[in-house]
Amino acid sequence: MVMIVQPEPSTLAHYAVTAGNIPPIATQIYEGLVTYDWDQNPQPNLATSWEIAPDGKSISFKLREGVVFHNGKPFTSADVQFSFMEILKKYHPFAPLLLAELTGVDTPDEKTAVLLLANPAPYLMKALAGRDLPIMCKSVFEGTQILQNPSANKPIGTGPFKFGQWDRGQFVRLDRNEKYWKPGLPYLDHIIARFIPDAATRSAALETGEAHFAGYSAVNYADLARMKTNPMLDTTMKGYEMTPALSVLELNAKHPPLDKKEVRQAIAYAIDRKVILRDVMYGYGKPATGPLSSLFKTVGFYTDDVRKYDVPDRLDIANKLLDGAGLPRGANGMRFGMHLEVNSFGEQWLRQAEYLKQALAIVGIDLTLRSEDTATWLRRVYTDYDYDINEPFLSQGVDPVYGLNKQYLTSQIRKGVTFVNDSFYANPEFDGILNEAMREPDHDKRAVLYKKAQQILAEDCPLVWLIDVQYVSVFNRKLRDHTTGPLGTQQAFERAWLET
Amino acid sequence: MRFARYMGYRLVTALPVIFGIIVLNFLLIHLAPGDAASVLAGESGAATPEYMDALRHKFGLDQSLGMQFLTYVSNMAHFNLGYSYRNDADVSSLIFERLGPTSLLMLTAFGTAVALGIILGLVAATGRNSWRDNIISLISLVAYATPGFWLGLMMIVIFSIGLGCLPTSGFDTVGAGHEGWAEVWDVARHLVMPAVSLALFYLALYARLMRASVLEQTGMDYATTARAKGQTERRIMTGHVLRNALLPIVTIAGVQAGNLIGGSIVVETVFGWPGIGTLAFNALQSRDLNLLLAIFFMSACLIVVINLAVDVIYVMLDPRMEI
């Protein structure tokens, strides 16, 4: 089976780098303690059962018997302890969010691991899949420099496929794990992840049958209409239920007049999200209503009961707000000028920026687009704070804790750190709600808190939320059973098979 | 003996040039804003200041520029190209595994272009304003003006999707496990389209250059003299004109050959060819300085060697020149 991964990962050190192009390969090799069903309930994987203590401060996992790593070492609680405490807690980029409360891992016996928490961490049960918190083999890493470990690019895990070969610039080959703990699985002998830098050639490789699967929107949205007419190919939007993401505008509240709430709201009103959806995203996605992706509806955290910006008289409101903020139109019809930093991660962001320039000109805001390469852009926005409006794309993780905390908490104004609170939003009441929701073990109480949080944010409008992103997979009809859960491309293809 | 002394002299004088290039590259690269740690953290979507400090420490970016430079020069003096932290691999192995495919593609395309270009230019010049001159001129004009990536994509549409006779991209069929001649055939099939789309541009260039050069030389006094002596046109062409007409070709080919190791980003991207061009481009994008400097260094060395080779070829073609 040949799948297309775009772009080529720079490393397979899944435990220390969380770029989105690593999991499609790494999750074939590394597994997590649990996996998730379509309703996003945890299901047994490396752990067969678990119990959360009544006070929420520890989670005890019974581990599966008879699991061996690809190097032949048996899987025990020592591996869980080492993975969490020595690797993930220290080096995983999300550890400060997901594992902040983790104080230790007890191993009463070889097949029991107990995660000890300083405070309840209800979000942790959503993040135990191989994609988010993978389990590594202790003996591979012990006594070495974790970040320089040779297994970074020759990963050793417990998953259905073993690492075979990596020809840089071309492909990674994964081989069937004969000793996989699920009897009879996997079905495929090999998975080949190919890297084709050019979007048109990627589409061509699918059309000729050279490749069977391209997930995570590796195919240009513009090509999808053509793909759908090909009888050999099909598309699906399933398998991204646990991969919520929003495209947004970050507004630098240190740069007047963006310090005024009315001005920020006016920008939110001025933009027609349906145009972006139609012309930039080719119809894939939904207009965003607030700071959380609507994918959180499944688990009950999403609400659209917030200040709505997509209303029929939105332009009038925007103009009134700007007039009220003391920003009259000048001789050329413009009220003030701003720079928009164009996202460097692809051509669609330039198209979006071009639309934004048009849309904001209508209400009298004169945007100047600035395109720079990735390193320069990130430095300007997150280190130098030398920007007015920025158009990033924000992953929201598996729980609101992830997307909301790092973007809006006052404590997340951290110079030099990318994709955190760079709009200088600081609201003590909101911080309090978020911190309470983070530690609240009761699901319904959390939902109430997050609803309140979304309403506050939508009112304060520190960011402008544009599109609730929908990824698409394109696949050859001969490939069956490829998307078997909400993690989709980011979980193992253990049941996939190719019709001959 | 004189030749050996000359070569020795040229190689010794090349050393300061290469050292200068290293210094200049190093300084220029450090002028670019942003660093590898921020790009890596950016791709990860989140990071703590501690994580980024750890990265910077690991990459050696927390040291002063002077220290970084000393470390780099001392590594180079030991023929150690360094380590690419972004790719978790040795720079030398990263470059080395791309060197084969890059040379194969570039030499095939360049060799074809120079050889065919010379022949076509000659054919066009000898039949000036005839139908074959017009056809060759027209073709070379079109080839010169066509962007390589467009040609590449059109070939994929025609030969891969339409006719299904050539693979769209890659270096060989992954996982097919071909051996011996089967592998050679497989690589050749993958090579055709990238090589053609790259060669056409150069081909047009050399054909036009050769035509102009031959026409200029045939009008020179020495050609008239030879004709007055009663030599046949064929003999004048092969014995006198050709040698002189080749000199500008060698000059231009020498300049362009220096770019060979850089590969072609456009063609490599369209055809997913694992070349050095895309490696360098990605290294620049991600501020992978060790890797980028090593590629610059290799290019610099190649250019020095090629300049030397061009000078030697001049002497072989034109006895009036001396070393």
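What volume does the second largest pocket have? The second largest pocket has a volume of about 510 Å³. The model is predicted: local features need pLDDT of at least 70, side-chain atom pairs count only at pLDDT 80 or more, and totals for chains, interfaces and linings use all residues. Residues are numbered from 1 along each chain as its sequence is written, chains are lettered from A and ligands numbered from 1 in the order in which they are written, and side-chain values use heavy atoms, with hydrogens and water left out.

The predictor assigns the complex an ipTM of 0.73 and a pTM of 0.81. Chain B has an average pLDDT (the predictor's confidence in each residue, from 0 to 100) of 83, and 94% of its residues score at least 70.

A pocket is an open set of points on a 1 Å grid over the protein atoms alone, with protein on both sides within 12 Å along at least five of seven lines; a cavity is a set where a 1.4 Å probe fits but cannot get out, and lining residues have an atom within 4 Å of a point. Grid points are joined across faces, edges and corners, and a volume is the space filled by probe spheres set on the points. Helix α4 (65-77) of chain B is among the elements that supply at least two lining residues. Its share, four residues, is the largest. Helices (H or I, at least four residues) and strands (E, at least two) are DSSP runs, numbered from the N terminus. The pocket lining comprises 12 nonpolar, 11 polar and five charged residues. Here Ala, Val, Leu, Ile, Met, Phe, Trp, Tyr, Cys and Pro count as nonpolar, Asp, Glu, Lys and Arg as charged, and the others, Gly among them, as polar.

Six cavities of 30 Å³ or more were counted. Of its 15 lining residues, A16(A), V17(A), L147(A), K58(B) and D88(B) lie closest to the centre. Helix α3 (residues 49-59) of chain B gives the most to this lining, with four residues. The lining of the largest cavity is made up of 12 nonpolar, one polar and two charged residues. The second largest cavity holds about 50 Å³. Its lining includes L246(A), P291(A) and W465(A). Helix α12(A) provides the largest share, four residues.

Chain A also contains sheets. One is an open sheet of four strands, in the order β4-β5-β7-β6, with antiparallel pairing. Strands pair if DSSP finds at least two bridges between them. β4 (47-52) and β6 (102-109) of chain A are the edge strands. The twist averages 20° from one strand to the next. Five bridges join β4(A) to β5 (residues 58-63) of chain A. W50(A) has F61(A) as its bridge partner in β5(A). Helix α2 (residues 77-91) of chain A lies across β5, β6 and β7 (112-117), at about 165° to β6(A). Axes are lines fitted to C-alpha atoms, for helices over the stretch in contact (heavy atoms within 4.5 Å), and angles run from 0 to 180 degrees between N-to-C directions.

Another open sheet has seven strands, in the order β8-β9-β10-β1-β11-β20-β12 (chain A), and its pairing is mixed. Its edge strands are β8 (161-167) and β12 (233-236) of chain A. Three bridges join the parallel strands β1 (residues 2-4) and β10 (residues 190-194) of chain A.
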